[in-house]
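Please open the structure in your viewer and keep the selection panel at hand. The stops below proceed from the whole protein to its ligands and then to a single side chain.

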Amino acid sequence: MSEYTAPVPGLDAAEVPEPGAVTIVVPTFNESANVRQLLHRITESVPARLPCEVVFVDDSTDDTPEVIREAAQDCPFPVAVLHRAKPVGGLGGAVVEGLRAATSEWIVVMDGDCQHPPSLVPELVAAGERANAGLVVASRYIAGGSRAGLAGGYRVAVSRGATWLAKALFPRRLRGISDPMSGFFAIRRSAVTADVLRPLGYKILLELAVRSRPRRIAEVPFVFQDRFAGESKSSAREGFRFLRHLAGLRTASPVARMVGFGLIGASGFVPNLLGLYALIALGVHYVPAEILANQFGVAWNFLLIEHLLFRDRRAHRRWWDRVGRFALLANADLVLRIPLIALLVGRFGMGALPATALALVLTFVLRFVGTEALVYLPRRRRGPASAR
Ligand code: GDD
Ligand code: MN
């Protein structure tokens with residue numbers, strides 16, 4: 001049993017398992033009522049078939065680390081607890097830490113609440129060896145698997161929706177993965193690239209599959225069991241994290257980001273035109289109504305762009321600097337657009353609404369190009385920090 005804190009030194013040489021062994025990475029957050037049972041089930045089903053070590057990456061505020069330490073004394077394999085003082089990246093960040101710390105040829109990631117059966121660990125590795133795969137996903141959605149332990153219709157619907165959305169956004173990358181939301185999988189250490197080791201993704205399997213898709217992927221069915229004790233830590237907040245994560249993965253390339261720009265800009269029509277409709281209905285003249293309604297669209301676009309598109313590129317400017325620049329661009333855009341609308345309305349006899357829609361299309365492209373260049377493009381830095 002060893003306890004270490006970041007920066008992570010390797011496990012003791014005496015504890016490094018032989019090749020073909022597995023490091024089981026278990027993220028834990030307040031699982032004191034589950035970890036003893038988990039270690040017990042691992043002891044029963046893994047070491048006789050495959051040499052193993054277990055690394056807990058713990059963000060608990062309860063006594064989970066102490067319970068692990070005590071229970072580890074009965075384990076015939078090394079157990080380490082990596083307790084993080086700062087829970088950077090939550091569950092996903094914890095798994096990344098575990099992947100970093102792992103020393104075996106194979107790494108299996110599984111939950112600490114006994115919803116993932118440890119008896120499957122040797123099978124996952126064996127399937128990977130047989131298929132010469134880099135990644136083996138334990139799936140609830142192939143024959144022989146089930147999501148029995150997914151509590152309640154709401155969770156089932158959310159899980160199904162998330163799976164569908166991920167597969168719709170990444171049809172090629174996720175081909176052959178029926179359960180991209182699974183938190184139970186085996187990965188070859190060589191298939192974990194440095195690129196992936198960013199403590200960023202919440203759904204780490206999705207991150208691994210999309211960013212460093214291993215050459216071959218295998219799947220093994222499993223039955224998602226009931227939690228042994230306690231409650232799920234997933235929340236609406238995690239749901240939003242997941243959506244942001246999907247957006248971040250999907251808009252990693254410049255072309256995809258341009259499309260994202262376009263979609264967000266297009267979605268800004270809705271608050272803009274609704275505001276305009278309401279203001280005109282209230283009897284406001286269309287020119288001041290345009291100016292006011294534009295603010296709805298601007299605010300809407302800014303929020304979406306900040307949270308979905310440039311989440312990782314905000315640090316080099318303070319928020320008020322970004323708001324200021326964004327607002328300035330939007331106003332320049334407005335200065336350009338109002339005469340354009342006036343022209344379309346006055347000269348070409350268009351209605352205020354269609355004229356606005358057309359002017360919006362013409363100017364949002366300019367605005368987004370300006371936004372990328374002037375608000376979110378990192379300033380040129382000297383030294384190795386700017387190298388990627
Ligand atoms: N270190 C750390 N930090 N661990 C965490 C954190 C965190 O912030 N949040 C949750 N965990 C741990 C839990 O202690 C547990 O061991 C594991 O991550 C899964 O958390 P649960 O709260 O039990 O999640 P779940 O059962 O709702 O979701 C599981 O199934 C989903 C599929 O429906 C997870 O495996 C998900 O990744 C998976 O998508
Ligand atoms: Mn769980």
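The model is a predicted one, in which local features need pLDDT of at least 70 and side-chain atom pairs count only at pLDDT 80 or more, while totals for chains, interfaces and linings use all residues. Residues are numbered from 1 along each chain as its sequence is written, chains are lettered from A and ligands numbered from 1 in the order in which they are written, and side-chain values use heavy atoms, with hydrogens and water left out.

**The whole protein**

Switch to a cartoon view. The protein has twelve helices and eight strands; these are DSSP runs numbered from the N terminus, helices being H or I with at least four residues and strands E with at least two. Of its 388 residues, 48% count as buried, that is, under 20% relative accessible area with a 1.4 Å probe, protein chains only.

**Ligand 1**

Select ligand 1 next, together with the residues near it (a heavy atom within 4 Å). The ligand is surrounded by 25 residues, and the closest are Glu31, Asp111, Met181, Lys203 and Lys233. The shell comprises eight nonpolar, eight polar and nine charged residues. Here Ala, Val, Leu, Ile, Met, Phe, Trp, Tyr, Cys and Pro count as nonpolar, Asp, Glu, Lys and Arg as charged, and the others, Gly among them, as polar.

Now display polar contacts, which are pairs of N or O atoms within 3.5 Å. An oxygen atom of ligand 1 lies 2.7 Å from a side-chain N or O atom of Asp113, and one lies 2.9 Å from such an atom of Arg227. Helix 3 gives the largest share of the shell, three residues.

**The manganese ion**

Select ligand 2, a manganese ion. Which residues coordinate the manganese ion? They are Asp113 (OD) and Gln115 (OE1), at 2.0 Å. Donors are N, O and S atoms within 2.8 Å of the metal (3.2 Å for Na, K and Ca); water is not among the atoms, so sites may look incomplete. Asp113 is buried, at 3% relative accessible area, and Gln115 is buried at 9%.

**Arg322**

Finally, select Arg322 in helix 11 (residues 319–346). Is Arg322 buried or exposed? Arg322 counts as buried because its relative accessibility is 8%. Its side chain reaches the backbone oxygen of Arg317 at 2.8 Å.

Key: Buried means under 20% relative accessible area, exposed over 50%, partly exposed in between (1.4 Å probe, protein chains only). A polar contact is a pair of N or O atoms within 3.5 Å; within protein, one must be able to donate a hydrogen and the other to accept it, and residues adjacent in sequence count only if both atoms are side-chain atoms.
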